[in-house]
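Have the sequence and the 3D view open as you read.

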Amino acid sequence: MNESERSMSMKHNGRARWTATVGALSCALVLTGSAMAHAQPAEEPAPPATVSQDGSEVVPPEGTEATPKAEDQGLAKPNITDAAAAVVTQDPETETSGYGPVQKNFLAGFLYSIVNPNVAPQGANDWSCKPTAAHPNPVVLLHGTWENAYNNFARISPALKEAGYCVFALNYGDKDSSALGHVKSLRGTGPVADSAKEIAVYIDAVRARTGAAKVDIVGHSQGGLVTRQYLRFEGGANPADPTKNKVGKVVSISGSNHGTTLVGIGSLGRTINNLGLNVLGLVGAIAGPAASDQVLDSPLVKALAVGGDTDPGIDYTVLGTRFDEVVTPYKTTFLTAGPGATVKNILLQDGCGIDVSDHLSITVSPRTIGIVKNALDPVGSPANTIPCVWNGPVTGG
């Protein structure tokens, strides 16, 4: 065999291996999506995702609009090579360093955090803050998958601080991301069970420094599911004596409380890929342990289901959006109250059809902020103060 023939043979074999890899992954995704359909509620299940021919992204089902790219929104992509090193620490008080600007546009906050991966949102992580009689529980903010404390809460945190709360936000689940060499601003990639342990340490530190017996939790996306894991298995709730719970109220915003379909995980990955950060690659829709943990019928989701949705003594408010493309079907975010707990499930569009927030932009929605404040303090922030204004998908207002 001459050199030319040898080269052609190597290329052919390489293409064959590539095609086999992509084909096998596509088949696995389709079969997994089909197998999980029985776990979805009585609503038309979302079709399974497939993988593009080159294996670089998840292809949305037919009829699904692609997520917008940063440049389509007039936002310049940052130079990732300029990104500061992310801080991974066991010290709760050094989880973040400095503050980023208030953001009304989710994508703007996301892009800012790429080169500033350690900043906190305005209003958060003042370790000298002492709770007031009006707001005795500090509020701990828990971000979602491939997000971080800053970009998830760049609008919610300063609003809560202005309302008189002690606010705290950590970056959790980032050890897996750092080890795999992902972009350092993408946190929440590690196993949900491990993240719940990190959160337990952080909340104990918040309680010790503020002198508060309990905290309230506001979680977005994975932040809702990891809250349930923390309450159930890491000491957040005490079913034998709910008066000793470490948490008073939980506000879940588009939480992956019962898992999501592969289409949902793929949609989140596509949005981030469209910002120029490849988090999918050949692993398709399942990118990191946290993503796998959040798929419908995962071992973690099934383990949580055994004890029911709630824990005694906790007051839950669950906010969902009809336009959620990540937690799919969107009704899987809602919880059912068990003994000794209360649950208020809210659809963002009820009474406000002009707020078309999706999974990401719901965190910068003025209506969301109003609902969060009302959930934490219904007397100080009554329901009639919750605004109804336009908030668009992905970017926000």
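## Around Leu-231

Setting aside neighbours within four places in sequence, Leu-231 is in contact (heavy atoms within 4.5 Å) with Gly-236, Ala-237, Val-247, Val-250, Asp-311, Ile-314 and Tyr-316.

This is a predicted model in which local features need pLDDT of at least 70, side-chain atom pairs count only at pLDDT 80 or more, and totals for chains, interfaces and linings use all residues. Residues are numbered from 1 along each chain as its sequence is written, and side-chain values use heavy atoms, leaving out hydrogens and water.

## The nonpolar cores

Leu-231 also belongs to the largest nonpolar core, which has 35 residues; together with Val-140, Leu-142, Ile-199, Tyr-230 and Val-247, Leu-231 touches the most other members. A nonpolar core here is a set of buried Ala, Val, Leu, Ile, Met, Phe, Trp, Tyr and Cys residues joined through side-chain atoms within 4.5 Å, and buried means under 20% relative accessible area with a 1.4 Å probe, protein chains only. Among the elements that each supply at least two residues are strand S3 (139–142), helix H7 (222–233) and strand S6 (247–253). Helix H6 gives the most, with eight residues.

A second, separate core of 24 residues includes Ala-124, Phe-153, Ala-159 and Val-218.

## Helix H2

Which residue caps the N-terminal end of H2? Asn-105 does, with a side-chain oxygen 2.9 Å from the backbone nitrogen of Leu-107. Helix H2 spans residues 106–115, and eight of its 10 residues are buried, including Phe-106, Phe-110 and Ile-114.

## The whole chain

Buried residues make up 55% of the 397 in the chain.

How values were computed
Buried < 20%, exposed > 50% of the residue type's maximum accessible area, 1.4 Å probe, protein only. Helix = DSSP H or I, 4+ residues; strand = E, 2+ residues; numbered from the N terminus. Polar contact = N/O pair within 3.5 Å; in protein donor to acceptor, adjacent residues only side chain to side chain.
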